[in-house]
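Me: I'd like to learn how to read a few features off a model. Can you walk me through them, one by one?

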Amino acid sequence: MARGRVQLKRIENPVHRQVTFCKRRAGLLKKAKELSVLCDAEIGVLIFSAHGKLYELATKGTMQGLVERYVNSTVETHQAAADHVAKEKQVLESKEEVNNMKHEIEFLQKGLSYMYGGGIGTMALDELHMLEKHLEIWIYHIRSAKMDIMYQEIQLLKNKEGLLKAANNYLQEKIEEHCGITNFAPVISTNPQPLTIYDEIYQF
């Protein structure tokens, strides 16, 4: 008489359940050992009974070594998958950016053609609004660049002014040290006669 298939459901009788657990556990561990020997595979089996008792089998090495190897392999697999996803995302973003740049270039070329009179009547109202916004942005950037350049030039002039003042103060201190002059007031003559300068002084 053929043996009927065992119905896969929880065994209600605790005695029968324990007997089945022991038999199946032993058979599972036996099959794991056979597979390891036949195929030179490294196998680890962990079993917790209904009462929380641990049964384990490590065909090569220790269970701790197998667990560490599994964790490292899982991390590497997840990392490789994450890198692959990130690379695909980067490729898609690059393609999207290239397409956006192409559309932008086409739009700007169309706008330039329109502004120079080569495409009058070829731009829709929405395109004209967009072109107007682009022009406003360009003007803003141009003005910002001009302000930056002017600010830098003003700073350079201020620096030069400071250097000239420092040089002037230095020269004035040197003159005071050598000549003992502390006041450079203009000389006023009380002589009513005009000042005569002989021409031969300037003859060479």
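Reply: Lys 165 and Glu 161 are both in helix α3 (residues 125–179), four residues apart, which is about one turn of the helix. Helices (H or I, at least four residues) and strands (E, at least two) are DSSP runs, numbered from the N terminus. This is a predicted model, where local features need pLDDT of at least 70 and side-chain atom pairs pLDDT 80 or more, while totals for chains, interfaces and linings use all residues. Residues are numbered from 1 along each chain as its sequence is written, and side-chain values use heavy atoms, leaving out hydrogens and water.

Me: What do the side chains of Lys 165 and Glu 161 meet in?

Reply: First the idea: an α-helix has 3.6 residues a turn, so residues three or four places apart point the same way. Here the two side chains, Lys 165 and Glu 161, meet in a salt bridge at 3.4 Å, N to O. The term means a side-chain nitrogen of Lys or Arg within 4 Å of a carboxyl oxygen of Asp or Glu.

Me: How many salt bridges does a search of the whole structure find?

Reply: Five. One of them joins Asp 40 and Lys 60 at 2.3 Å, N to O. That pair links distant parts of the chain, 20 residues apart: Asp 40 sits in the loop between α1 and β1, Lys 60 in the loop between β2 and α2 (63–115).

Me: Is Asp 40 buried or exposed?

Reply: Go by relative accessible area: buried is under 20%, exposed over 50%, partly exposed in between (1.4 Å probe, protein chains only). Asp 40 has 57%, so it counts as exposed. Lys 60, at 31%, counts as partly exposed.

Me: Which residues make up the largest nonpolar core?

Reply: A nonpolar core is a set of buried Ala, Val, Leu, Ile, Met, Phe, Trp, Tyr and Cys residues joined through side-chain atoms within 4.5 Å. The largest one here has seven residues: Leu 29, Ala 32, Ile 43, Val 45, Ile 47, Tyr 55 and Leu 57. The elements giving two or more residues to this core are α1 (14–39), β1 (44–48) and β2 (54–58).

Me: And how should α1 span, by its residue count?

Reply: The expected span is 1.5 Å times one less than the number of residues. The 26 residues of α1 should span 38 Å, and its end C-alpha atoms are 37 Å apart, which agrees.
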